[in-house]
Each structure stands twice: as structure tokens, then as C-alpha cells.
Amino acid sequence: MLELKNICFEVLQEGKVKQILSGINLKLQDEKFTVITGPNGSGKSTLAKIIIGIEKPTSGEIFFNGINITNFSITERAQAGMSFAFQQPVRFKGITVRDLIQLAAGRCCDEQKLCSYLLEVGLCARDYMEREVDASLSGGELKRIEIATIIAKQNTKLAVFDEPEAGIDLWSFHKLIRVFEKMHKAKKRAILIISHQERILNIADEIILISNGQVKKIGTRDEILPEMMDIVGNCKFYQSEDAVE
Ligand SMILES: Nc1ncnc2c1ncn2[C@@H]1O[C@H](COP(=O)(O)OP(=O)(O)OP(=O)(O)O)[C@@H](O)[C@H]1O
């Protein structure tokens, strides 16, 4: 359903062309749980930004359900059924958590349902629903609220998460894994997660290993792990959950 054809991305740095991604060809199937992993700086977040429309590829094309969306804006991609959770979520001054979740849920949603979305990510609705989505929220709280909005979006066909574990405490991480397991089991949408986390890699249907801006290998956890060892030597980037903050 999502197809990337020969995606390249380069930037100008100090007058020189820097190749960030080169010749990325990928197909993500409906309802599949895919994880993109790879060393720091290998181009994972850039690829996510290109998928969601924050960055435009220098060359190559993106198809979503057969439609060429390469020139679609972020809003048009969202309307087509894509959702995205940022590595560093955006704050919205003047907007409450309730507003955000209600907006994501769309049609009139009863109070119990709204609260259940927050509960799923380990937040007590009573404490958070009326809070402003501003600097008073911690990074981890903000991230969980953002994930709750994706759960609330019933029409999402593809949900993209960039390092959902970043800044999340160990207890919340366990809950988060359950959220992803549940999403995976429900098979309502394709899920694409950028992650280095063992437990997230463990539940993936397919893992895409990126290194130096290229797809090095696509396969299951057991197929990918030896390759990761080769690339990183001692596999430092493959974190167990003990390494979560
Ligand atoms: N606009 C830009 N200008 C210059 N360099 C950039 C730009 N965007 C990305 N890069 C570089 O491209 C490389 C890939 O960055 P990216 O954020 O995609 O990596 P990543 O695999 O997500 O890393 P991490 O695991 O650390 O989050 C990095 O070396 C980064 O510094």
C-alpha cells in the first residue's frame, strides 16, 4: 500500500552536496507491523519525514494505495489516511489535551471513549484532559498524548512513529509495548515504527535495516540481527529495554 521508488535525498552543506538517502526502494503492506532500524545518523528519521511529507525527496516517487503522493502536503497525506508521531512532539499553546484527542477522534466521541485513549498510554484522564498542550507537559507526557491521538484516529491507514520509546520511562514503555501489540493484533492499520528497541523489533512482522542512507536488509528479527552485528560491530544501537530512560 505504501511504495517508495528509488528515493534519494541530498542536502547542500558548506557548498557541498551531502547524500542522506540513496536509492531507497520499499513496499509496506496493509496491516503489517514494520520496524525501521539502523545506526544513529543512518537516515531513518529523514526517511520518515519523506514518507509523511515534512521533507521532499530530491528524486524518486512515493505511492500510497496506488496514488502518487510525492507532491502531497502533510495535510493531504493526513487526509489520505497517514498519521505521524514525532520524535520530539509539537506543543500547541491554547489547545487542551481534550481538544487534541477530540479532534483526532473526529465525530462526536463520548467521554468514556475519550478517556480510554489516554488510559491506553498510561495517563489518567482526570489529571490530563483539561491541561494545555504547552511547555508545562514533560516530553514523555507529550509523547504519550501524541500516541493517544493516533489511537483515537479511526481512519488512519498508516501510522508512523519515530522512536516512540525516546524519553519514556520504563513503566510507561511496558504499557507502550502493549499499545503496539494491541494495534498489531487489531490489524486495522499498517504500522511503521523507527526504533532501536529489542521489544519493538520482537513484535515486528518485518524489519528494515538502514545503514548509510541505504536499505541494507529486509527480514525478520532473526534474519536481521546478525547483519546489525556486522554493521555496528558490537551492536550498540540494539538496545534492550533496560536502556530506556
Ligand atoms: N537538513 C540536513 N542538513 C544536513 N545534514 C542533515 C540534514 N538532515 C539530516 N542530516 C544528516 O543526515 C544524517 C541522517 O539523519 P537522520 O536524522 O535521518 O538519522 P537517524 O538514522 O534518524 O539518526 P538517529 O538514530 O540518531 O535518530 C545525519 O548525519 C544528519 O546529520
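Analyst: Glu 31 sits in the loop between β2 and β3 (33-37). The model is a predicted one.

User: Why is Glu 31 called partly exposed?

Analyst: A residue is buried with 20 or more other C-beta atoms within 10 Å of its own, exposed with 12 or fewer, and partly exposed in between. Glu 31 has 14 other C-beta atoms within 10 Å, so it is partly exposed.

User: What makes the phi of Glu 31 worth a remark?

Analyst: The phi of Glu 31 is near 65°, a positive value in a residue other than glycine. Most residues other than glycine have a negative phi.

User: Which strand holds Asn 6, and what is the phi of Asn 6 near?

Analyst: Asn 6 is in strand β1. The phi of Asn 6 is near 50°, again a positive value in a residue other than glycine.

User: Why does Asn 6 count as exposed?

Analyst: The cut-off for exposed is 12 or fewer. Asn 6 has 12 C-beta neighbours inside 10 Å, so it counts as exposed.

User: Which residues surround the ligand?

Analyst: The ligand is surrounded by Val 11, Gln 13, Lys 18, Ile 20, Gly 38, Asn 40, Gly 41, Ser 42, Gly 43, Lys 44, Ser 45 and Thr 46. The elements giving two or more residues to this shell are β1 (2-13), β2 (16-28) and α1 (44-52). The largest share, three residues, comes from α1.

User: How does the shell around the ligand divide by class?

Analyst: The shell has two nonpolar, eight polar and two charged residues. Gly counts as polar in this scheme.

User: What makes α1 mostly covered?

Analyst: Seven of the nine residues of α1 are buried. The buried residues are Lys 44, Thr 46, Leu 47, Ala 48, Ile 50, Ile 51 and Ile 52. Lys 44 and Thr 46 also belong to the residues that surround the ligand.

User: Which residue follows α1, and what is its phi near?

Analyst: Gly 53 follows α1, and the phi of Gly 53 is positive, near 100°.

User: Why are α3 and α6 called roughly parallel?

Analyst: The axes of helix α3 (residues 97-105) and helix α6 (residues 139-152) cross at roughly 25° and come within 7 Å. Angles under 35 degrees count as roughly parallel. The two helices, α3 and α6, are therefore roughly parallel to each other. The crossing of α3 past α6 is right-handed.

User: Which residues of α3 and α6 meet?

Analyst: On the α3 side they are Val 97, Leu 100, Ile 101, Ala 104 and Ala 105, and on the α6 side Ile 145, Ala 148, Thr 149 and Ala 152. By class, the residues of this contact of α3 with α6 are eight nonpolar, one polar and no charged.

User: Which residues make the contact of α4 with α6?

Analyst: Tyr 117, Leu 118 and Glu 120 of α4 make the contact with Ala 148, Ile 151 and Ala 152 of α6. The residues of the contact of α4 with α6 divide into five nonpolar, no polar and one charged.

User: Where is Gln 79, and why does Gln 79 count as exposed?

Analyst: Gln 79 lies in helix α2 (residues 74-79). With 11 C-beta neighbours inside 10 Å, Gln 79 is within the limit of 12 or fewer and so counts as exposed. Gln 79 and Asn 155 are 76 residues apart in sequence and 9.1 Å apart in space, C-alpha to C-alpha.

User: Why is Arg 126 called exposed?

Analyst: Arg 126, in helix α5 (residues 125-128), has 9 other C-beta atoms within 10 Å, and so Arg 126 is exposed. Arg 126 and Ile 210 are 84 residues apart in sequence and 41 Å apart in space, C-alpha to C-alpha.

User: What makes Leu 225 partly exposed?

Analyst: Leu 225 is in helix α9 (residues 221-232). It has 17 other C-beta atoms within 10 Å, and Leu 225 is therefore partly exposed.

Notes: Residues are numbered from 1 along each chain as its sequence is written. This is a predicted model: local features need pLDDT of at least 70, side-chain atom pairs count only at pLDDT 80 or more; totals for chains, interfaces and linings use all residues. A residue is near a molecule or strand if its C-beta atom, placed from the backbone, lies within 6 Å of it. Helices (H or I, at least four residues) and strands (E, at least two) are DSSP runs, numbered from the N terminus. Axes are lines fitted to C-alpha atoms, for helices over the stretch in contact, and angles run from 0 to 180 degrees between N-to-C directions. Angles under 35 degrees count as roughly parallel, over 145 as roughly antiparallel, 65 to 115 as roughly perpendicular and the rest as oblique. A crossing is left-handed if the near helix is turned anticlockwise from the far one by less than a right angle, and right-handed if clockwise. Two residues are in contact if their C-beta atoms, placed from the backbone, lie within 7 Å.
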